[in-house]
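Thank you all for coming.

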Amino acid sequence: MIANCQKTQVTQKPNILLICVDDLRPELKSFGADYISSPNIDHLATEGIKFQKHFANAPSCGPSRYTLLTGQYGTAGNNALFLRANKIKEGTKIINQSMPEWFKTHGYTTVSVGKVSHHPGGRGGKDWNDSTKIEMPNAWDRHLMPVAEWEHPRGIMHGLANGEIRLKSSDMNVFQTVKGTDNIYPDGAITEEALKQLKELTTINKNPFFLAVGIIKPHLPFGAPKSYFDQYEGVQLPSIEHPGKPEGRSTWHGSSEFKQYNRWGKNANIDTVFADEVRRHYAACVSYADAQAGKILAELKRTGADANTIVVLWGDHGWHLGEHAIWGKHSLFEESLHSPLIIHYPGMKHKGANTDAIVETLDIFPTLCDLTGIEIPKYAQGVSLKGILVDPEIPGHTAFAYKKGASTIRTSTHRMILHQDGFVELYDHTTAEKETKNVAVKYPKLVEELKNALNTRLN
């Protein structure tokens, strides 16, 4: 009888499996991209709730992951978490606990595998493997980054097949497809380590676990095994919406991250054949990432721990595939910020439901607290989404995001972008033009209202 009581006590708090996918726009069948092959994430979507209007708080990996992992707005650079780590090291003021540290404090074993914070493996230094430079101090019981033949975390981050490391960007192809198993690309090694950790956490570990796994693809360069690319041979791609460069001032940019790679002298904005090649390789990377997520979810089920595990699949931000003549992220347009979010928890009633409630990445920390019965820290700046999970018809809230020099607010009808010098972009999502026509001059009262909301929130 005592043993049974102890078992109940140990298993009462649900585990958490957080799957982070890099540069994943909602290019999934379950989010309306019919031509995409994403069976594993789509199956998870039938078990959970799909947030069709989830927005990241920043259009870049580092600051977006900062908001996920701290529950707070931060600085706009990719070094946001390292700046926080420096403050902790200085010890001059109290720094609020990160999400994994909060769960660790509440009895969870916390493990990260792959790219969860900005640097895969969570370390700094020249090759991102210096254990004296921790990106998230006190957060993880284990933070792991298998590098296989890619030598080090920096090498694996932009790695291509069979150990190819980015030395000079212009010498590395922007996309690639090579025949072989999933393990010829970096995410194969990350997934294998995640499976090992799941096995250990579900057999040896006595505490509930918080396991975060970061899949790198579809991040540039677009490399995936040939079997995934072959799925898109002859597939009709949808047309690119509003492919023209915006008229007037905006947060448009010249796609420098994309253009740093070898593109064989081709321009995706004028060469439609090349544009489709890029899009097919992006799609292949999505399907490859989907397969890795599938292996992790299958192992969770095999262990039986799925019956007591909350699963979150999150894209860290969006990615332009030619919209606004951008190939990449880093703008404050919809395509840079709109990313998939799926949440499943044991016993949920509305499996497979969609919600159009506007939510943001910042909401994930308080939601996980709410679902596990742990106190939501007062410093968390998002709101729990448990109410929407219980009733998907409940409306959401405005979403905020920022980059260097500008910030944005997204409502159910409009997006406003406020530049540091006061210039405003206002887009009406109830019209066919959406984010192609700046209507700020037409609606001064609405602009003022949204400015006040934006400044109040981000300040």
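This is a predicted model: local features need pLDDT of at least 70, side-chain atom pairs count only at pLDDT 80 or more; totals for chains, interfaces and linings use all residues.

A word on terms: on a 1 Å grid over the protein atoms alone, a pocket is an open set of points with protein on both sides within 12 Å along at least five of seven lines, a cavity is a set of points where a 1.4 Å probe fits but cannot get out, and lining residues have an atom within 4 Å of a point. Residues are numbered from 1 along each chain as its sequence is written, and side-chain values use heavy atoms, with hydrogens and water left out.

Going back to the largest pocket, about 870 Å³ of space lies in it, where a volume is the space filled by probe spheres set on the grid points, and points are joined across faces, edges and corners. Its lining has 10 nonpolar, 6 polar and 13 charged residues; here Ala, Val, Leu, Ile, Met, Phe, Trp, Tyr, Cys and Pro count as nonpolar, Asp, Glu, Lys and Arg as charged, and the others, Gly among them, as polar.

The second largest pocket has a volume of about 360 Å³, and of the 16 residues that line it, H43, E47, L297, K301 and D306 are the closest to its centre. Which helix gives the most to the lining of this second largest pocket? It is α10, with 5 residues, while α2 (39-47) and α10 (272-303) each supply at least two. Helices (H or I, at least four residues) and strands (E, at least two) are DSSP runs, numbered from the N terminus. The lining of the second largest pocket divides into 7 nonpolar, 5 polar and 4 charged residues.

A search of the whole structure finds 1 cavity of 30 Å³ or more, and the largest cavity has a volume of about 60 Å³. Its lining includes S112, V116, I134, M136, W140 and H143, and by class it has 4 nonpolar, 6 polar and no charged residues.

Stepping back to the whole protein chain, we find 14 helices and 20 strands. Along its principal axes the C-alpha trace spans about 70 × 55 × 45 Å. With 459 residues, a compact globule would have a radius of gyration near 23 Å, and the chain has 21 Å, which agrees; the radius is taken over C-alpha atoms, and the globule rule is 2.2 Å times the number of residues to the power 0.38. Buried residues make up 58% of the 459, where buried means under 20% relative accessible area, exposed over 50%, and partly exposed in between (1.4 Å probe, protein chains only).

I215 is found in strand β9 (residues 209-215) and counts as buried because its relative accessibility is 0%. Leaving aside neighbours within four places in sequence, I215 is in contact (heavy atoms within 4.5 Å) with residues including I19, V21, D187 and A289.

H253 is found in the loop between α8 (226-230) and α9 (256-259), and it is buried, with a relative accessible area of 17%. A polar atom of its side chain lies 2.4 Å from the backbone oxygen of K329 and a polar atom of its side chain lies 3.0 Å from the backbone nitrogen of S255.

Finally, some backbone details. Most residues other than glycine have a negative phi, and most peptide bonds are trans. Here, the peptide bond from K217 to P218 is cis, with omega near 15°, and the bond from L220 to P221 is cis too, with omega near -10°. N138, although not a glycine, has a positive phi of about 70°, and it is partly exposed, with a relative accessible area of 46%.

Key:
A polar contact is a pair of N or O atoms within 3.5 Å; within protein, one must be able to donate a hydrogen and the other to accept it, and residues adjacent in sequence count only if both atoms are side-chain atoms.
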